[in-house]
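Open the model in your viewer and keep the selection tool at hand. We will go stop by stop.

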Amino acid sequence: MDVEEWFHVPGHPVGADSRLWAGLPPRLPYALRAALDLLASLEVRATFFVLGWAASRHRAAVRRISEEGHEVACHGNLHRRVDGLAPSAFRRDLREGRQAVEDVCGRRVRGFRAPMWSMGRNTWPYEVLAEEGFTYSSSRLAVPFLGGGRPGPPGSVAGVCEVPALRSPW
């Protein structure tokens, strides 16, 4: 599950300027509580890809994910499409997002999902992920979706691949 606010969708007219986000009405704590309550009632564990910005602002809600035994992974910091970033900007967003999530949850984050599944066919993002110590990426979809999904390399399952194997994914 992606943990982000309603205005984090790229292209959303209200969310285009990240400087305004703090003044927008949050929905994440309520939606996350409902999702976690449902998973608890079913005794199911999930992976949550948490945006660093969201972790910093909704600390208790995000901490609950970890406390209830779910995996916490990184979704970047400011929900920027990876295919629109330079490698240095991606690395900065990745580091800031991961640090925010780890600070709140108190455990190491090893997984990543690109906002809008926006890794494209570039190999450099996987190299950055490997250099930063991530062990997997869930940034591919089996089918195209909203201009962002692309099939993963042969042998991937629903787009989840080990990072070291993706230095040359095609």
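What covers the buried residues of helix 4? Strand 2 (47-50), helix 2 (52-57), helix 3 (59-67), strand 3 (71-74), strand 4 and helix 5 are included in the cover. Helices (H or I, at least four residues) and strands (E, at least two) are DSSP runs, numbered from the N terminus.

This is a predicted model: local features need pLDDT of at least 70, side-chain atom pairs count only at pLDDT 80 or more, and totals for chains, interfaces and linings use all residues. Residues are numbered from 1 along each chain as its sequence is written, and side-chain values use heavy atoms, with hydrogens and water left out.

Select residues 87-105, helix 4. Its buried residues (under 20% relative accessible area, 1.4 Å probe, protein chains only) include F90, D93, L94, R98 and V101.

Show R59, V62, R63 and S66 in helix 3; they meet D103, V104 and C105 in helix 4 (heavy atoms within 4.5 Å).

Last stop: R113, in the loop between strand 4 (111-112) and helix 5 (124-131). R113 counts as buried because its relative accessibility is 14%. Its side chain makes a 2.7 Å polar contact with that of D2. Such a contact is a pair of N or O atoms within 3.5 Å, where one must be able to donate a hydrogen and the other to accept it.

Terms used. Buried < 20%, exposed > 50% of the residue type's maximum accessible area, 1.4 Å probe, protein only. Expected span 1.5 Å × (residues − 1).
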